[in-house]
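Please open the model in your viewer and keep the selection panel at hand.

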Amino acid sequence: MAPQLLKVAFTIGPEVTLSDFIPATELLGGLNGADHPILGPIFGDVPYRVAFDFLAPTMEPVTPMFGGLGPNIVPTKTYEEALKSGTQYDILWVPAGPFPDAQSLKSRIHPSQIEFIKVQAPKAQYVMSVCAGSAILAEAGILSGKKATTNKAFYKQIVSFTPKDITWVPKARWVIDGNIWTSSGVSAGSDMAIAFIEHLVGPRIAGIIRGQAEVIVHGEGDDPFAEVHGLV
């Protein structure tokens, strides 16, 4: 049987946190190692392959957090183009975006990103966020009635301005509620990505990808930063 292609949308915009999604591209992309002329025999049968889109409000290169201190990301499509294409993505991966306005606390997430998530999430197989990407999901209404976690450095602030029908979990490396996966800050996204790969294809293939990237094993409840930031 031919492997199933999973279409992944990385939802980005100005001031995105690069480490919230760049490691995940390599880890998830490891599933395609089954087609590599050298690595393929190591993997054996892998039932999935992945294809990525990097979506943004415009086709202008996306400048990450801290401006010129990181590489710009060239989008593959705008949110509007992606919706007009009729493509339904299998996986939405939502990294952190810009902080709210310092004075008004008004969201600075581009409306087209919120609209895209609102339209796509109900039919996506999986919706995933890293760090304060969970605040974007909350703004889009995707976390209502769900359990979720986020970056512990900003946990109290995020809880304070997001809807009150979300059950925020203060101590968790990542949280799974149905098809929604949310991780703690930045590097926790890599741990969640490995756990997600194991969910998809089992521990053997996940172990190969983990070993190639040298990602240390962390469990769902391994969260020392909850104590560091006074949450427990």
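Predicted model: local features only at pLDDT ≥ 70, side-chain atom pairs only at ≥ 80, totals over all residues.

Lys84 is exposed, at 67% relative accessibility, whereas Glu80 is partly exposed, at 48%.

The structure holds 7 salt bridges. For another one, select Lys7 and Asp90, whose side chains meet at 3.8 Å, N to O. Lys7 belongs to strand S1 (residues 4-11) and Asp90 to the loop between helix H3 (79-85) and strand S4 (91-94), so the pair ties together parts that lie 83 residues apart in sequence. Asp90 is buried, with a relative accessible area of 11%; Lys7 is partly exposed, at 30%.

Next, select Arg108 and Glu15, a salt bridge in which the closest N and O atoms are 2.5 Å apart. This pair also links distant parts of the chain, 93 residues apart: Arg108 is in the loop between S4 and helix H4 (111-120), and Glu15 is in the loop between S1 and helix H1 (22-29). Arg108 is partly exposed at 39%, and Glu15 is partly exposed at 29%.

Finally, select Thr149, in the loop between strand S6 (147-148) and helix H6 (155-161). Is this residue, Thr149, buried or exposed? Thr149 is buried, with a relative accessible area of 0%. Its side chain makes a polar contact of 3.0 Å with that of Lys152. Beyond its neighbours within four places in sequence, Thr149 is in contact with residues including Ser134, Trp168, Trp174 and Ser184.

Methods
Residues numbered from 1 in each chain as written. Heavy atoms only, no water. Helix = DSSP H or I, 4+ residues; strand = E, 2+ residues; numbered from the N terminus. Buried < 20%, exposed > 50% of the residue type's maximum accessible area, 1.4 Å probe, protein only. Polar contact = N/O pair within 3.5 Å; in protein donor to acceptor, adjacent residues only side chain to side chain. Contact = heavy atoms within 4.5 Å. Salt bridge = Lys/Arg side-chain N within 4 Å of Asp/Glu carboxyl O.
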